[in-house]
Each structure stands twice: as C-alpha cells, then as structure tokens.
Amino acid sequence: MAGLGQGDVAPEFELPRDGGGSISLAALRGKPIVLFFYPKDDTKACTEEAISFSALAKEFQEAGIALVGISPDSAKSHDRFTQKHGLTVALGADEDKAAANAYGVWVEKSMYGRKYIGVERTTFLIDRQGVISRVWEKVKVPGHADEVLAAAKTL
C-alpha cells in the first residue's frame, strides 16, 4: 500500500496506550495532531526520537497540538519505555499493525542486504478537520521534533 500524502484524510484508529486506556484519532479531532510512527521501543534512534518529542511536549500542549507516538510494541512495552526514559508523549500500541498499514508505513525495508517488513519512521501532521497537512518520510531524528513543532504551529 502506498503511503498517505498531503490532502488525504487521516485514517481512524483506536489503540491501547501506555498507562492504560486507549487513544484514538476521533478523540483528538478538533486540534492539530502529530502522529509519529517509529519501529521499536528502546532502540537507539527510536529512543532519541521519543525523548526529543517529550522534551517539546509542553510546547506542543501549550500550542494546542496533540502528540502521539505509535509502534507495533505492546502497551506494557510502552510503559517500560516511558518509565525508563521519562517520556511524556502518549504512545499507542499497534500490535496488529492496523494503523501502520492504514497509514502506509508497514513496508519492506532492507538492512545489511537483508529484506524484512517493518515500520518506516514517518511523521504525519494532521489538521483540525482530520486531513493530513504534511508528511515526513524516512525521518532522520536530529532536529526533527523542532521542525515538526514549527510546522504544527502554523496550522
């Protein structure tokens, strides 16, 4: 499935989340939303990304922007990840990869010549009406959270 782009309607999802309960796109509607898909809890780049978004979580909140990380890890894994690194962003557990598939980020990847299926690190900026405003594909972590915050503040 091809990834989603600017102007596409963001697919609905409801996922278990860290700390219990669930998180859904419908519950966040009415405010800008940043969804960042990442491959795996507690790996180097994913940890750096989650920490950098957490460092700016207060600024996102003050600007009225919802911030959600999604990976195929379980809610229990997210709890450990959050506690270990002091994360302050909501983390959705997409264990069946339904959200990753809906957003087109569950793709064939290659590392050291080996092909496998996994999450392509991608961030979506969704406007108040649920339409994708911007997509960052194959994200490089340094400076990414700052760039997303700046873009989100323009909505």
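Figure 1. The model is predicted: local features need pLDDT of at least 70, side-chain atom pairs count only at pLDDT 80 or more, and totals for chains, interfaces and linings use all residues. Residues are numbered from 1 along each chain as its sequence is written, and side-chain values use heavy atoms, with hydrogens and water left out. E49 is found in helix 2; helices (H or I, at least four residues) and strands (E, at least two) are DSSP runs, numbered from the N terminus. Neighbours within four places in sequence aside, E49 is in contact (heavy atoms within 4.5 Å) with F36, Y38, R121, T123, V139, V141 and H144.

**Figure 2. R121 in the loop between strand 7 and strand 8.** Strand 7 spans residues 114-119. R121 counts as buried, because its relative accessibility is 11%. When neighbours within four places in sequence are set aside, the contacts of R121 comprise F37, Y38, P39, A45, C46, E49, W136, E137, K138, V139 and V141.

**Figure 3. P39 in the loop between strand 3 and helix 2.** P39 is partly exposed, with a relative accessible area of 25%. Leaving aside neighbours within four places in sequence, P39 is in contact with C46, S71, P72, D73, K109, V119 and R121. The C-alpha atoms of P39 and A100 are separated by 10 Å, although these residues lie 61 residues apart along the chain.

**Figure 4. The largest nonpolar core.** A nonpolar core is a set of buried Ala, Val, Leu, Ile, Met, Phe, Trp, Tyr and Cys residues joined through side-chain atoms within 4.5 Å. The largest one has 23 residues, and V34, F53, F60, L67 and V89 have the most contacts inside it. At least two residues of this core are supplied by each of strand 3 (33-37), helix 2 (44-55), helix 3 (57-62) and helix 6 (144-152). Helix 6 provides the largest share, five residues. Not counting residues up to four places away in sequence, F53 touches V34, F36, F60, L67, V89, H144, A145 and V148. Another core, of 22 residues, lies apart from the largest one and includes I33, V68, A99 and V105. In soluble globular proteins, nonpolar side chains tend to be buried together.

Figure 5. H144, A145, V148, L149, A151 and A152 are buried in helix 6. Seen down the axis of helix 6, these buried residues fall within an arc of 165°, so they line one face of the helix; the arc is that of the directions from the helix axis to the C-beta atoms. The buried residues of helix 6 pack against strand 3, helix 2, helix 3, strand 8 (122-126) and strand 9 (132-136). Helix 2 and helix 6 pack at an angle of about 40°, and their axes are 8 Å apart. Axes are lines fitted to C-alpha atoms, for helices over the stretch in contact, and angles run from 0 to 180 degrees between N-to-C directions. The two helices are therefore oblique to each other; angles under 35 degrees count as roughly parallel, over 145 as roughly antiparallel, 65 to 115 as roughly perpendicular and the rest as oblique.

**Figure 6. The two sides of helix 4 (residues 75-85).** A75, S77, H78, F81 and T82 are buried in this helix. Viewed down the axis of helix 4, its buried residues fall within an arc of 150°, so they line one face. These buried residues pack against strand 1 (14-16), helix 2, strand 4 (66-71) and strand 5 (90-93). The face turned away from the buried side of helix 4 carries the exposed residues K76, R80, Q83 and K84. Just after helix 4, G86 takes a positive phi of about 65°.

Figure 7. Most residues other than glycine have a negative phi. Y112, although not a glycine, has a positive phi of about 55°. Y112 is placed in the loop between strand 6 (106-111) and strand 7, and is exposed, with a relative accessible area of 81%. K138, likewise not a glycine, has a positive phi of about 45°. The loop between strand 9 and helix 6 holds K138, which is exposed at a relative accessible area of 55%.

Terms used:
Buried < 20%, exposed > 50% of the residue type's maximum accessible area, 1.4 Å probe, protein only.
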